Structures are given as structure tokens and as C-alpha cells.
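Me: I would like to go through this model with you. Could you take my questions one at a time?

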Amino acid sequence: MSSVIRLLPDHVANQIAAGEVVQRPASVVKELLENAVDAGATAIKLVIKDAGKTLIQVIDNGKGMNEIDARMCFERHATSKISIAEDLFQLQTKGFRGEALASIAAIAHVELKTKEHRAELGTQVIIEGSKIISQEMAVVPSGTSFSVKNLFFNIPARRNFLKSDQVELRHVIDEFERVALAHPNIQFTCINNGSEMFNLPSSNIRQRIVNVFGGKTNEKLVPVQETTEIVEINGFVAKPEFAKKSRGEQFFFVNDRFIKSGYLHHAVTAAFEGLLKDGTHPSYFLYLNLPPNSIDINIHPTKTEIKFDDEQALYAILRATIKHSLGQFNVAPVLDFHKDSDLDVPYSYEGTQSVEPTVEVDAFYNPFESMKASNNLAQQMGSGFNPFETVKQKSFNGGGGSFGSNQSFQDKKQHKSGGWETLYEGISDAKEIILTSANHQIDEEIITGSLFDDDTPQAANHQKSYQFQKKYIISPIKSGMIIIDQRRAHQRILYEHYLHSLAVKQNASQQLLFPLSLYYTAYELDLLRNIQQQLLQMGFLFDEISKEKIVILGIPVSITESEVSIVLEDLLNDLQDDVPNETDVLNDRIAKSLAQSLAIKTGTYLTEKEQEHIVNSLFGCENSQTSPFGKTTFITMKVEDIDKKFM
């Protein structure tokens, strides 16, 4: 009887293992970058083409490998990181499983060039689908260079499941940023399709964050620092006013390893309770150092999940530390009402000596010098001095003047000494004399009408629509009434407007008096370049799109300057998961995103004219019954249905 259980060939086993380790090009980038870090490299360079589908190359100046290690590193469970099982609880390296390179070599064309620093010659190994094509001595620089080409060449089904280049590029950049943020002391460079995206010099944590996410990030960061017996916490959180609608800038690092933890994330959001707007998420870059024996990393092949010995204590410490930092830097209000927050001294000034202030005295200053002139004037005023007396005599007694012959005014204006009230006597009589002597006439007309005819009671009786609960618009019709959801209706109106603008490739633009500069990450700027043509058709005018910002000269007439950053941020969030290659599909996504961002919010008060505009514009749309997202925009209630309610 023949047996049915048999041992799988190595190349089949490697392909099966690759399904867990290598999910997409970003998985290869992560494994190769972490191997370069474990090799002790001080400079790492990442080169990718077509979002990693065509080429992924990682070059480092680490310690390199000899010819035996260059061959052994592609074997399953071959590693230099651990030797016994107890080493799993004392891990100081990124990798330890010994499966990554074997899995990568099973599904791609791999070329390895490596040389130790002391050796004169290096080794070149070429592998295709777990099969070694060649291994020979070569003249290569010190360190290691991995080139992974044609990923999933022998698994067409896996390759077909990959997303567009833009989406795969985002995942690659995410992995690159995680490794670069975890090791600010290492220089990182990233080149995409021949264009340099990142050039990160060796620096501290704060400078590395600024170099990755742009210069404007520096003003958003609030330092976080705490040391306890359980954990040492360092890093930064962003101020609440800079919270984003997406969760992109949220990083946890445990012993310089990026992890994902919903439990610790809840601790951070709890510290921001009451400080964030609805629908926004805080940004944070937190580095936790724990004893290696208090955590378990060997849970998932991606090594992004960790088990902690005392999660509850870690939760409480992290939450309290962030709340303390927010209060210390006056981001959150203090609860001690008898304490002046301006007198708080940061921890960085602890132990420093204060400098005694000095006072400079002008020995020659005489305060009574400036009072002499004012005293003389006061004496004159007290003795009946009138500064307008000379002007009055010149105007009314000077002969040839307009009022020289009028004695009645002079008789009424008698000089009275001793008080300031005399300066204002006779002003009303002078007004009469001026008007009558010049024979001026003032036409007086009583305005009986109103500039706004719509405010008259007659117009109010003919109101065509009503707003209910600042959410619905009720418009009467011959058979009953229509109840319209104002936000959904406005979304439909804006959606068809922007879709038409993208179709005709022409829209009105308003020039800005001062150019508007907006700062984004490298991936977001690359995404904006891909949809720049569509944005130009919408009415946006760009001066430049550099490596860290865009400069806008003009915006669509339907968008205010304050809404530009919100609209573009929402658009980038909607397009991060997938950027369609078809123009029509991309236009539809952009129009939906803009309509959702700019539509009036529920709870907004609308005037009668605004209500009528929405009603008329809605029924002028091609599809007025549903919003762009398939939801009902209005319902109709007939008189008969209302009558039945009273039966």
C-alpha cells in the first residue's frame, strides 16, 4: 500500500512560506532594510522601480558576508541572529526566523553582491525561483547589495492581485518611513524611478521626524519623556489642533521595532480626551524601551505584534505621561485654578542657576522739566484763557468775511472767563447763521419704502420653502410636499457640477492675492503630481510642487481660501487606498471627494434664497433622487397620506 503523506520539495515549501512573509513589494522592502540595520550599516540606500514590481534594491555599508554565508543565507531557517530557543526572549535584532531571504528567492529573481571589509574580493550570487544560477567571486564595494527583480514571476495569481503602482508605492514608503524613524542615527536614501524621494542624514529623533514629514512638522510636536521601572518612554505627540482625519502619522516603536497595538493606541486617544474634534485622530511618534524578557515578539511572521507582560500598567503610564506633557507645555488646560501656569518651569531647566536681574538708573533724568510747559498752559486756562478767542475775532470781526456784518451772533456770544464750558456756547446759533448767511438749503426727504422688498409681510406669506431642524428643507407642491435632505442634495449638486468641469476640462479660477503654501509628505506630493491635470481642470493653479510643499496661485471660484487645505487633505485620504488608472473613474472619485468636503453640513442655517437655490438646482440635476453615494436625497408626502394621519 502506497503512502499518501510525502515531504514537499524545498522550492514548494519556500513558496508556501512566502505567502506569509511576502505579501507585496513592501514586505520585501521591510525585510531587506531590517537585515541592513542588523548588519551594522551606517548608510542604507533603497532603489525601487514600478513600485517594486520591477526592481527592489537595498544597498548598505554593513559588515558584509563571506562566500559561505552568501550561499547559506538563502536556506530556510538559516540565521545568524539566534542559536538556541532562549534567545527568543533576549532579542536585540530585527530578524530571527531565517525565512525572509528563502521566501524572497522562491518568488523572484535575486542578485546578491556582498564583501566583508577585510576581504579583497566579494561574492556575487544569482538565484531564480530558489534555483541558484551562479555564484562567483566579484569586485564589489564593502557591504551588501540585494536586488530583487520581477517579483511573483512564477506566481501569476499573486501578481495579479497587486494594486496599482501608486498604492503599492504608498505601502513601500510606509515601510521605509518606519525603519527610518526607528533608527535616526542611520543615513537613509530612497530613489523611486530614478527620482530621489528621501535623503535623510543621520540626526536625532526630532530632526528625523521633520526630515520625513516636512519642515512644518517641527511646530506641531510636543515632547514626551518619562522613565519608570517598567518602561522608558520618549518621543513626541502632535498638538490637538493639528489632528488629521486619517491615521497615517501614528507610530509605536518598542526597542526600536515598529509595532501595531490597538490597546496602546487607546491609551493615547484617552490622553487627548476632550481636546480633539470629532472624526480626527492624533499624531504621535512614541519610543518605548522595555526589558527584552518582558515582551514576546514571536507571534506573527511580520513581527509587528507584541505581547507585554503587564499591559495594564503600561497603559496607565503611557496615558499619564502624555497628559502630563500636554499640560506642561500649555496644550491642555490645568485644573489648579490657584496656580499661574506661566510660572511653570520645564524639566529641561531643572538644576540651572538663575541670573539676578540688574536695574539701570539715569542719574540726570529730571521729571519736572517736562512739566514746566504743561504748568504754564494750566495757569493760562485757569485765568480765563480761551484758545479759540483769536480765531473767533478773526472770523467774525475781520471785515470782508462772511459773518462780519452779522451782529446778532456777536451779541449772543459773550465772553465768560473761568470755565471750559464757554468754549461750546453759541455753537447751535452759529450753525443757524452759517446756513442762513450762505443761503444754503437742505432737502429733506422722508424715506417711507424699504430697500428689501422681501422683508415685507406680503413676501413672507409667499415663502416657497422652509427649513426644519437645520437639516431638512420642506417645499410645498401641488400634491403635497417634498422633504429634502439639504446635505445630500448639495452633494448631488456639487458632484454633477465638478464632474461636468472635469469633462469639459474648463472651470473658472480666482487668483489669490498672496500665494498659498501647503506642506505635505513625499508620498502625498507624488500623489498630487499624478492628479495635477485634474486639479488644473477644476480651477486650481500651481506655481510649483517641490519636495515638501506646493504653492497655489489660484483656486476654483466655489472654494474659499480657508477650505483649500481641507479639500486637498480629504482628497488625498480618499485616493490613498487606490488611484484608478482610467480617467473617467478618477474624475468620478475626485468629484465625489470634493462634493463630500464642500457640501453644507447638517445643522447649517439656510436663508430662504439659499433654500430655493438648493431646491431648484437639485431638480435640475440628471439624477436628483440619490446622492453621489447612493443615498436618498428627498421624499414626497401627498396630501392624502397626511389626511390619513388625522382619521
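**Cavity and helices**

Reply: The second largest cavity is lined by Thr217, Lys220, Leu221, Ala238, Phe242, Lys244, Glu249, Ser283 and Phe285. A cavity is a set of points on a 1 Å grid over the protein atoms alone where a 1.4 Å probe fits but cannot get out, and lining residues have an atom within 4 Å of a point. This is a predicted model, in which local features need pLDDT of at least 70, side-chain atom pairs count only at pLDDT 80 or more, and totals for chains, interfaces and linings use all residues. Residues are numbered from 1 along each chain as its sequence is written, and side-chain values use heavy atoms, with hydrogens and water left out.

Me: What volume does the second largest cavity have?

Reply: Its volume is about 50 Å³, counted as the space filled by probe spheres set on the points.

Me: How many cavities does a search of the whole structure find?

Reply: The search finds two cavities of 30 Å³ or more.

Me: New topic: which residues of helix α20 are buried?

Reply: In α20 (residues 608-618), Gln611, Ile614, Val615 and Leu618 are buried, that is, under 20% relative accessible area with a 1.4 Å probe and protein chains only. Helices are DSSP runs (H or I, at least four residues), numbered from the N terminus.

Me: Why do they line one face?

Reply: Seen down the axis of α20, the buried residues fall within an arc of 95°, so they line one face of the helix. The arc is that of the directions from the helix axis to the C-beta atoms.

Me: And which residues are exposed on the other side?

Reply: Lys609, His613 and Asn616 are exposed there, meaning over 50%.

Definitions and conventions:
On a 1 Å grid over the protein atoms alone, a cavity is a set of points where a 1.4 Å probe fits but cannot get out, and a pocket is an open set with protein on both sides within 12 Å along at least five of seven lines; lining residues have an atom within 4 Å of a point. Helices (H or I, at least four residues) and strands (E, at least two) are DSSP runs, numbered from the N terminus.
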